[in-house]
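Here is a brief report on a pocket and the residues around it. The sequence and structure come first.

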Amino acid sequence: TALAASMAGQGYTVAGVYSRSIPSAERLAERAPGCRIYRSSQEIADRMDLVFITTPDDVIPAVVSQTAWRLGQSVVHCSGADSTAVLEPARKSGAAVGCIHPLQTFASIDHAIENLPGSTFALEAEETLLGLLKDIATKLGGHWVVLKAENKVLYHASAVIACNYLVTLVKLATDLWQSFGISTPEATRALLPLVRGTVNNIENVGLPNCLTGPIARGDLGTIKKHLTALEAETTSVLGTYRELGRQTIPVSLAKGRINEERAKELQDLFASPAAPHHGNPG
């Protein structure tokens, strides 16, 4: 829906939509003037020159194989992980096939429309369809990269790490605040400016120089305190903290703030059990 609304806003004719969910189809049609709701994917395929398959990834093969396509038609899916190989039934019928995947998070329709400009679109197709997809990405205010079929899964894994796992990291961080009596909403509000500042540093300072904190400084004492406190408080975060610490050491080395000797000390620290917790007797 966000893609259709954005394309309609740039002058593309979004002529029809089919969805198993009528309310979903109605939401899209409302945002694309002149868009008609059809009763089946076959009706769409019979009437449209360019068809976007925007179903969940696992459904794409069934949609493609259960629909009759024709010569001269273009069929495009929007999956980040799948290549155009899943569109083989359409290709065999004479259709041109491609993929356009916006590298952006779509938590809601309005936020997706707002976030789309400036995003990168991953494309896979042969000419002349590839040229059309490049034009679409550009008109939507985005950038584009052309990927080979064998690149798609690692590309999508990268997106999951940068987007989905960031959510997980913030969740783990807010969980720690609950141990000292501060709720998740309060902790999130406190941490978000830090997250935004970090993203701003990544954009403006760049990797690896944007790295800050104890690993960037080679501050063994602070890290030891973290490990001890995390071991005493929760074992679920401790393993993640250790692994992320290990992965951060090469970034710190590349920044040039620590030497190989200190990097080895950090590696040993993250590999060894945390120091015993000496609390007050109960």
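How many nonpolar, polar and charged residues are in the lining of the largest pocket? The lining has 34 nonpolar, 12 polar and three charged residues. Ala, Val, Leu, Ile, Met, Phe, Trp, Tyr, Cys and Pro count as nonpolar, Asp, Glu, Lys and Arg as charged, and the others, Gly among them, as polar.

This is a predicted model: local features need pLDDT of at least 70, side-chain atom pairs count only at pLDDT 80 or more, and totals for chains, interfaces and linings use all residues. Residues are numbered from 1 along each chain as its sequence is written, and side-chain values use heavy atoms, without hydrogens and water.

The largest pocket has a volume of about 2,500 Å³. A pocket is an open set of points on a 1 Å grid over the protein atoms alone where a 1.4 Å probe fits, with protein on both sides within 12 Å along at least five of seven lines; lining residues have an atom within 4 Å of a point. The volume is the space filled by probe spheres set on the points.

In total, 49 residues line the largest pocket; Leu166, Leu169, Val170, Val195 and Thr198 lie nearest its centre. Helix H10 gives the largest share, 12 residues. Helices are DSSP runs (H or I, at least four residues), numbered from the N terminus.

Two residues compare as follows.

Pro214 lies 9.9 Å from Gly245, C-alpha to C-alpha, with the two 31 residues apart in sequence.

Definitions and conventions:
Helix = DSSP H or I, 4+ residues; strand = E, 2+ residues; numbered from the N terminus.
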